[in-house]
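Here are my notes for a colleague opening this structure for the first time. Please read them with the model on screen.

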There are 2 protein chains.
Amino acid sequence: MSHRLNPLLQPRSIAMIGASNNSGRIGGMPLDLLRHFRYAGDVYPINPKYEEVFGYRCYPDVEALPQAPDLAVLAIAAEDVTSMLERCHARGIRAAIVYAAGFAEAGSAGVELQARLEQFAQRTGMVIAGPNCMGFANINTHAYTAFAAVFKNVPVQTQCGRASIITQSGNVCSAVFALIRKLGIPVSHFINTGNEAVVEFSEYLEYMAQDDATECVIGYVEQLRNGPRFIHAALALAAQKKPLIIYKAGETDKGSEAVRSHTSALAGDLALYKAGFAQLNVIRGNDFAQMADLAYLSGYRHRAGGSRVAIVTMSGALGAILADKMIGAGLQVPTLSDDLQRTLRDGIPDYGMVSNPVDVTGNVVNSPEFVRTIFQALGETDQVDTVIVYAPGYLLDRMAEPLVEMAGRYSKLFVAIDTGAAQCRERLSGAGIPVFDDIGRATQALAPFCQWMARHEQVAHWARLRAGGGSPVPGAAATTAACVAPRLNEHQTKQLLAPYGVTFLPGMSAGNAAEAVAAAAQIGYPVVLKILSADILHKTEVGGVRLHLADEAQLRQACDAMLESVARQAPQARIDGFLVQPMATGGVAELIAGVTHDPVFGPALTVGLGGVLTEIYQDASHRLLPVDEGMVRDMLHELTAWPLLDGFRGRPIADVDACCQTIAALSDAQQALGPHVTDIEINPIQVRAQGHGAWGLDALVLFTPQETQGDKP
Amino acid sequence: MSHRLNPLLQPRSIAMIGASNNSGRIGGMPLDLLRHFRYAGDVYPINPKYEEVFGYRCYPDVEALPQAPDLAVLAIAAEDVTSMLERCHARGIRAAIVYAAGFAEAGSAGVELQARLEQFAQRTGMVIAGPNCMGFANINTHAYTAFAAVFKNVPVQTQCGRASIITQSGNVCSAVFALIRKLGIPVSHFINTGNEAVVEFSEYLEYMAQDDATECVIGYVEQLRNGPRFIHAALALAAQKKPLIIYKAGETDKGSEAVRSHTSALAGDLALYKAGFAQLNVIRGNDFAQMADLAYLSGYRHRAGGSRVAIVTMSGALGAILADKMIGAGLQVPTLSDDLQRTLRDGIPDYGMVSNPVDVTGNVVNSPEFVRTIFQALGETDQVDTVIVYAPGYLLDRMAEPLVEMAGRYSKLFVAIDTGAAQCRERLSGAGIPVFDDIGRATQALAPFCQWMARHEQVAHWARLRAGGGSPVPGAAATTAACVAPRLNEHQTKQLLAPYGVTFLPGMSAGNAAEAVAAAAQIGYPVVLKILSADILHKTEVGGVRLHLADEAQLRQACDAMLESVARQAPQARIDGFLVQPMATGGVAELIAGVTHDPVFGPALTVGLGGVLTEIYQDASHRLLPVDEGMVRDMLHELTAWPLLDGFRGRPIADVDACCQTIAALSDAQQALGPHVTDIEINPIQVRAQGHGAWGLDALVLFTPQETQGDKP
């Protein structure tokens, strides 16, 4: 495979600049490892002080090398890095790893140093990893360029690697690597990306999507520096069905504070990270052991599991515990059909359970033929995707034979949990059945893995939608010109959005009170009066909204009072007149929907229930754009408040179809209006009873500051 | 120690009825274990088929025994149990363990059998464990009466036990025991309680509160059968600072379904379980490994830890991860004071962190004197209660010396996490510093343990409050008579509750429309009109509430319409007239508060925000009674919606004092009115701005059916 990162990740020859003969120092440790693990390529220590280091001939400087190596590793101080890279470049070296700290993570002088490094890379095209990194290890080719003590402390790896580890922290890389190796899972790449001045996290991910020796990636990020590239890489891995497991640091303010101080990274908006990860089928790591277990499960990635699980035990208590834990972790434990229960009941005594969890009772172990029938029935049914078998020690051994047989016959995911010391473990593992020895760890890894399996179609759907760039919208082109306007008042905003399919409560603009009265006569009382001004974002706060106006007298009075109040509280605002709307009543619920521009992931949609309590309960759903109506429906279903739309306590069922259509239209609008639109918000959306529609009552569009700068009042 | 359970838990002699010479059978396995572990007491196998079993002389029947043993273990079928117990009783045996299944867990015939067993025990005073249980093990005296294969598969125990395990499931008992022994923690008692026909879970707990060989109890329950006794036992353990860790099965519908089928137990209301456990300082187990880790931590129960933690690492990333995890698990990671930060900064380089998490950076390891200063500063400060040190392998070794010194000097809890292979582990453990080797496991156990440490004073406060039986309420005695009334209408209910300190919006009762008009004239319009009837619980649903009545005409019309509507929709109801109230406006928030009678824990208080969304978001706080105003304040703070009372987004701050007073008065009312009051509810409570009070707008009191049965219309 040809790739720009090859010299970094599969170097055929390595120079170590600042070589040391002390394996405890960063210039010595990698040389010691290369020697210890018998790296087959050429190794060139560079240090004028030595003739030979760790058995390798040592050179005084890069110019003296007999050939240009694939990779130079710089174990020298930050201030010497760029000039040394110049010399490497002159010598024909195309890739380098920079260990040194003291760059962007270390204040303004370091930021300057890093900018120089970036400029150098841009000018020369040199591929540079780091700075402020621990280096790499290709365990398969024994190309160790990392100064990490962990490699000699784990079991020696004899098989070809399967998992790759990419982290923004060297300590995390070592800790996760140790746990994965402890489980006996062979590793391909150990990558600590550091400050990512030149080669950024997602570029490594793209490499792994193509790498035959990588079937899953374990990552740790504090900050994603290139969101679009990350989306591309995650979709590429998803297309290959290679699990991507990422621990995102900075889940709390304290955590992100620590991250910020450490690597000068800014932890992005967590809610959107979570939503984006789910949408891209990235598994969120939450514990190093869980990540190692997910690397183990990745060996079973081609099985056809999913989130509906059957639980088979020989203990009612353990069935209850497993069901609680699996459901708590987000899986479903569906009650089996009557037919299927009858099949199971034929061999399970009355005091056992057949509904799911299935408690076969201890007796069944004496009847292997019946155990076979159970696994066959659960293998065959389309009511569950995954079958989890819990039995300690010899009880699991008794079930091993039929389990292996059925895992061979059905592509469904079968999983075993043995808290004893069953002898069949290796046999099961080898036959496509992962085995866990702890219920908690099994749950923590299985739940996200089963959800990952269940999401293949969903992520493929979004990839297609994204590739298609959304559906063409009639009339859109004609209105695109409007978006170069400096700011829009509410009426203009609605006119801008309506062609994309956003439904609004009809209203009329009026230049003055007389026109407002005429409009109201046409609309019919009671009406709502709003001030019309592109300069006022929050109308209510300046007395710019009046509800329930019952007749002409009230309307005229409201016009006068409103102009007076607005003039007093927003004296700078240019007033375009009034907006007159019918008084909208009879809504089942009010929603808020908005497109924002996330600094990492780009345009994203947020949907929530309107009002103050939603903010308090943080009940909102997010998606990266584009979305279609089906995705909006999923978002509404995700809301804790969903029952309010679905007939909660005898309320009418809401017109969810109309609601989805109006919200999905925001996605089309954003796609058509382009990146200089930063925010689109409809708030509130009044959702009426089924068949009676949903409409926006107010709307807002914001443009990038550059567009409006010149036009500020 | 003298205790009724001694013959079960510390038997000096054991008879095995239904003895077998096969160690794979339930009548043989315990005998094999007694022999294997060299139990010093007398062992009497009973089976007419054998002369000798496992080297013990075998007897044909209980009557042939040379003495009455402390304990008889019955390995015989369910239907033979009671008659055999009669014979044991006749022989002078005072305690028995019944293995047999086929009792209450197995349908109506079994329920009958169990009832007979219970009657027998009541009549004779015999102490009977089970039925449907696996038996016990006293690891210290080697009194093995359990048929469990686990005992020979774990490391041999040489120290005196410290942890006791009590579970309602034999499989769970074995699984937890294995994990605890794997950690090297010595166990005292292994107890599987089974159906608890005679000796119930909480009686074992009471025993453990007194047992010198038990410093923590690990439990598993599907159902608590005696709530008051559980409360007593939990408080006794709390008073001894012995952690009580309980896994409660049935957290989800699926889980409780499995539990119900298995042991015929009914999983109680989970929210109240959680609240009750917290109030009694019971640690909720959520994973077997976590429970084993908590048993380990219990060895450090006398240290003065708490929930405000300092995190010390040599890696910013790991500091961020630990902070995220600890905060996510419910602990606080407070920012250290400027003074303290300055002290730390003296030795920590710029790129390290001093605010908490404290990132000492790798360099500091070279300066042991400074590490000492850090631990001294964190040991001395009252800003944190617990100090968590993370460093892998040799890095932790470098810090061990000052860590041990400071743990000796300060009683604060110091904890170490080593994901490498530090040599200092045993040294630290022995010096009062628990050591974990996994961040996830450390978090899962440490968080609840630190919270347990932080709650000592709180649980002691409640124990005193409970012992005092609440404060005497003036006027209460006089009204107690009212509670024997069949049912009360709203006006009577309010009159019943007011003397205890519940504030209500003043209102006047009226026998007819004319009286209502007179009342309104006194109160002042606008008013609210409600129907007055003890037979109507939900007034709104029958048209029995009218708001915003502006004048006499509207009021008269409302009276007529209301009588008509109520007569039509609740024809059976006896109507006492009307209630006229002022129209209450200007509330900051509406709360709901109610006393209910939980089938397990007895009277309990629930407080939540009023309205439909609170139900959807399940935002409520619960306490067992009695409560005082301070506890009610804690409950309000626990609500996610608390900010609404606390000036959220510029709203006025609510009169929380008045609110707490009115709600706490419900506790006094319940205490005074006694157990035949099952429900007291005030809904809504209108909370006004600070200084303007809080008052109930409506109230309800329900009595036990027995009291009202005879008076039903």
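1. Start with strands E21 (residues 527-532) and E22 of chain B. Three bridges join them, and the two run antiparallel. Lys530(B) has Val545(B) as its bridge partner in E22(B). Keep in mind throughout that this is a predicted model.

2. Now widen the view to the whole sheet. The order is E20-E23-E21-E22 in chain B, an open sheet of four strands with antiparallel pairing. Which strands stand at the edges? They are E20 (508-510) and E22 (545-549) of chain B. Each has a single partner strand, so one side of each lacks a neighbour in the sheet. From one strand to the next, the twist averages 25 degrees.

3. Two helices pack on this sheet. Helix H20 (residues 513-523) of chain B touches E20, E21 and strand E23 (577-582) of chain B. The direction of H20 makes about 15 degrees with that of E23(B). Helix H21 (residues 552-569) of chain B touches E21, E22 and E23 of chain B. The direction of H21 makes about 25 degrees with that of E21(B).

4. Ile388(A) stands opposite Val415(A) in E18(A).

5. Next, a helix pair in chain A. Helix H6 (residues 201-210) and helix H7 (residues 227-239) of chain A pack at about 20 degrees, with axes 9 Å apart. H6(A) and H7(A) are therefore roughly parallel to each other. Their crossing is left-handed. H6(A) brings Ser202(A), Glu203(A), Leu205(A), Glu206(A), Met208(A) and Ala209(A) to the contact. H7(A) brings Arg229(A), Phe230(A), His232(A), Ala233(A), Ala236(A) and Leu237(A). By class, the contact of H6(A) with H7(A) has seven nonpolar, two polar and three charged residues.

6. Another pair in chain A is H11 (residues 316-328) with H16 (residues 439-454). They pack at about 35 degrees, with axes 10 Å apart. The crossing of H11(A) and H16(A) is right-handed. Contact residues include Leu322(A) and Met326(A) of H11(A), and Thr443(A) and Leu446(A) of H16(A). Five nonpolar, two polar and one charged residues make up the contact of H11(A) with H16(A).

7. Is helix H6 (residues 201-210) of chain B enclosed or open? Nine of its ten residues are buried, so H6(B) is largely enclosed by the rest of the structure. Among the buried residues are Phe201(B), Glu203(B) and Glu206(B).

8. Finally, check some backbone details in chain B. The peptide bond from Asn356(B) to Pro357(B) is cis, with omega near 5 degrees. Pro357(B) is found in the loop between H12 (338-345) and E16 (358-359) of chain B. Arg38(B) is not a glycine, yet its phi is positive, about 60 degrees. Arg38(B) is exposed, with a relative accessible area of 70%.

Key: Residues are numbered from 1 along each chain as its sequence is written. Chains are lettered from A and ligands numbered from 1 in the order in which they are written. This is a predicted model: local features need pLDDT of at least 70, side-chain atom pairs count only at pLDDT 80 or more; totals for chains, interfaces and linings use all residues. Side-chain values use heavy atoms; hydrogens and water are left out. Axes are lines fitted to C-alpha atoms, for helices over the stretch in contact, and angles run from 0 to 180 degrees between N-to-C directions. A crossing is left-handed if the near helix is turned anticlockwise from the far one by less than a right angle, and right-handed if clockwise. Contact means heavy atoms within 4.5 Å. Ala, Val, Leu, Ile, Met, Phe, Trp, Tyr, Cys and Pro count as nonpolar, Asp, Glu, Lys and Arg as charged, and the others, Gly among them, as polar. Buried means under 20% relative accessible area, exposed over 50%, partly exposed in between (1.4 Å probe, protein chains only). Angles under 35 degrees count as roughly parallel, over 145 as roughly antiparallel, 65 to 115 as roughly perpendicular and the rest as oblique. Two strands pair if DSSP finds at least two bridges between them.
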